[in-house]
Amino acid sequence: MNIHFNRLFLGLAVAATFMSGTSCTNYLDKAPNSDIEETTPYKNFRNFQGFVEELYNCIPVISNSDYHTSFNLGEDVYWEPQELRVLSRSIDYGDFWGYTTSYYGYPSTIRGGDPSATTRGNKGNLWKLCWYGINKANIGISKLDQLVDATPEEQRLVEGQLYFFRGLFHFMLMEWWGGMPYLDKPLASGETPTNPRETWQACADKCAADFDRAAELLPIDWDQTTAGRTTLGNNNMRANKIMALAYKGKTLLWAGSPLMNWDSHNRDNSYRKYDETYCKRAADALGEALKLTEETGRYELAPFENFNDIFLLHNSSGKIPGLKEAILQENLAEYNGRWAWNMNTDFRSQRMIPSGIKCWPTANYSSYFGMANGYPISDMSKSDTESGYDATHPWKERDPRFYKTYVIDGEFCGTSGIGETAMLYTGGADREKANPQKGCYTGLMNAKLCLKSVNNANVRDTYFFVLSLMRLADVYLMYSEATAVGYGVKTGTSQFNMTAEQAINKIRERAGVANVLDKYTNDTQSFLGEVRRERAVELAFEGFRFTDLRRWMLLTQRPYTLKTAFQFDRDVFDKDNPTQSSVKNLREQVLVERDYTDRHYWLPLPNKNDTYLYEGFKQNPGW
């Protein structure tokens, strides 16, 4: 018996049992991330909803639950090599125990996990928050018969949220640690759990059932309900029908992905491929979510000129980033301060912002951003007449999202003439040779997580960042992937009259990129290569890449194991339009090559000194 874990589960049960004796009497005056004091939780809608509110506070902070963070764990970023405290460095060297030891990173078990707290430092402990939330949802479900002083609408709202969160928190655990015990009843004080770990696909089926139940009960828009009118303007992130359907689809697409299929069949290598049945189910659920979205306008793709507003705002006067594209966002605890100072320091060289630890976009990842004409780039160091890519003008005529995502050599960082011009060429003032401790190692800086207007001279404490756990563009891309596998590239589904090809092109059209080339739409495998590239571009630095590489079973394969830097010399520098500048001797330099085996597809369960929480709760293979 793993005493450590048993105490954790029992502690959650005791806490939730104690908590069930109280409820909130004024939740309707508060936003979803508020702290709620509870009195009698189940007798009427107001009190039961107060009980439910804490489930929103169990949603984690992914982007920054401490002074610095590390949540992009794929081949997308490179941290300064002398910085030993970030999770990304542990991941780079195969030490996946790093989430239990690294000071900065997500997920983490270092600290926090208090669902009732409103401080960000309590919101990075995914393990504790999810188990607590699952148990609380189960307590609520078990008490639904006590909700008698409520309208039918109010009863539906309470029940729908409980089922949504039970599915969501199981899914969040499964993304990192694999198949879990699926808990569908509350743990009483002193009760020892006995549920064995289930396969990923078995868990996914139970998640999907919970999301289905939630979708049956929840409205599309809380503002259009009688109960929701009391909190008009504060309902945007409340669980709704579209959200439940989209998460059902995401869960089923993950279940149909090669990693989850392989792992659910005793790691039989013949299953290292997509499961078409799960992908069809995923396409149907995602298609239903998109159909409702397009019919109602509940969510919308942001105009491209406002693309960065989905993530980061300046002087927002309390407005939260996301626009109408964000479907579910990370916890808002202390959102107006957690990014504004320390995190901005991490994405600029010391010459621009002296303090902080430094994180650089990798050169290899930038190559996924192809040309505006729709062509990919096969080798950044070589010109290509077919695509029009010119290695002497590597920043020219690229996918427009490239310019929203990166700071390139020669670009100005600042506003109103206050700031610095980036000197990112080999030997430049912002490179590592000029400053080995805090200089840029890769030749690029991040403009998606730190706007080009940010520098030390500007007021950095007025930039607010909130990460979307799911946004509409992601749903279109998941639909495209699931439909291509389940139904084919050029055919639609019964749920939504849009083909896989049309769905991916909708996202490219928003960005001003040409449609997927015909040569990639004639067979599923070629098309999926473009889907993977599109996800890398559209969702860059939003925390999705590591999971995508794992579920596609590409994490252990070259070139996905490499992190590289650009080395180049300035040739003809165009200070008015650096995208037109020419360079010489452009080449890639390998900074890190990850050495992974199949055990690295899942994180180890917490506490490496113990194998079992109980007999049926086994450690992940290889750990």
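**Pockets, cavities and helices**

Reply: The second largest pocket is lined by 25 residues, and Ser367, Tyr368, Ile377, Pro559 and Tyr560 lie nearest its centre. Two or more lining residues come from each of α17 (524–538), α18 (545–551), β11 (562–570) and β12 (583–593). α17 gives the most, with five residues. This is a predicted model: local features need pLDDT of at least 70, side-chain atom pairs count only at pLDDT 80 or more, and totals for chains, interfaces and linings use all residues. Residues are numbered from 1 along each chain as its sequence is written, and side-chain values use heavy atoms, with hydrogens and water left out.

Me: What makes a space a pocket, and what makes it a cavity?

Reply: Both are found on a 1 Å grid over the protein atoms alone. In a cavity, a 1.4 Å probe fits but cannot get out. A pocket is an open set of points with protein on both sides within 12 Å along at least five of seven lines. Lining residues have an atom within 4 Å of a point. Helices (H or I, at least four residues) and strands (E, at least two) are DSSP runs, numbered from the N terminus.

Me: What is the volume of the second largest pocket?

Reply: About 510 Å³. A volume is the space filled by probe spheres set on the points, with grid points joined across faces, edges and corners.

Me: How do the lining residues of the second largest pocket divide by class?

Reply: There are 13 nonpolar, five polar and seven charged residues. Ala, Val, Leu, Ile, Met, Phe, Trp, Tyr, Cys and Pro count as nonpolar; Asp, Glu, Lys and Arg as charged; the others, Gly among them, as polar.

Me: How many cavities are there of 30 Å³ or more?

Reply: The count comes to eight. The largest cavity has a volume of about 290 Å³. Its lining has 20 residues, with Ile62, Glu175, Leu469, Gly543 and Phe544 nearest the centre. α6, α8, β10 (468–471) and α18 each supply at least two lining residues. The largest share, four residues, comes from α6. By class, the lining has twelve nonpolar, three polar and five charged residues.

Me: Why is His68 called buried?

Reply: Buried means under 20% relative accessible area, exposed over 50%, and partly exposed in between (1.4 Å probe, protein chains only). His68 has 9%, so it is buried. His68 lies in the loop between α2 and β1 (77–79).

Me: What makes the pair His68 and Asp346 a polar contact?

Reply: A polar contact is a pair of N or O atoms within 3.5 Å; within protein, one must be able to donate a hydrogen and the other to accept it, and residues adjacent in sequence count only if both atoms are side-chain atoms. The side chains of His68 and Asp346 are joined at 2.9 Å. The side chains of Thr231 and Asn235 are joined by a polar contact of 2.7 Å. Thr231 has a relative accessible area of 2%, so Thr231 is buried.

Me: How do you know that the length of helix α2 fits its residue count?

Reply: The expected span is 1.5 Å times one less than the number of residues. The twelve residues of α2 (residues 45–56) should span 16 Å, and the end C-alpha atoms are 17 Å apart, so the two agree.

Me: What makes α2 mostly covered?

Reply: Eleven of its twelve residues are buried. Among them are Phe45, Asn47 and Tyr56. Asn44 caps the N-terminal end of α2, with a side-chain oxygen 3.3 Å from the backbone nitrogen of Arg46.

Me: Is Phe541 buried or exposed?

Reply: Phe541 has 1% relative accessibility, so it counts as buried. Phe541 also has a positive phi of about 65°, although it is not a glycine. Most residues other than glycine have a negative phi, and most peptide bonds are trans.

Me: Which residue does a cis peptide bond join to Pro559?

Reply: Arg558, with omega about 5°. Pro559 sits in the loop between α18 and β11. Another cis peptide bond joins Tyr106 and Pro107, with omega about 0°.
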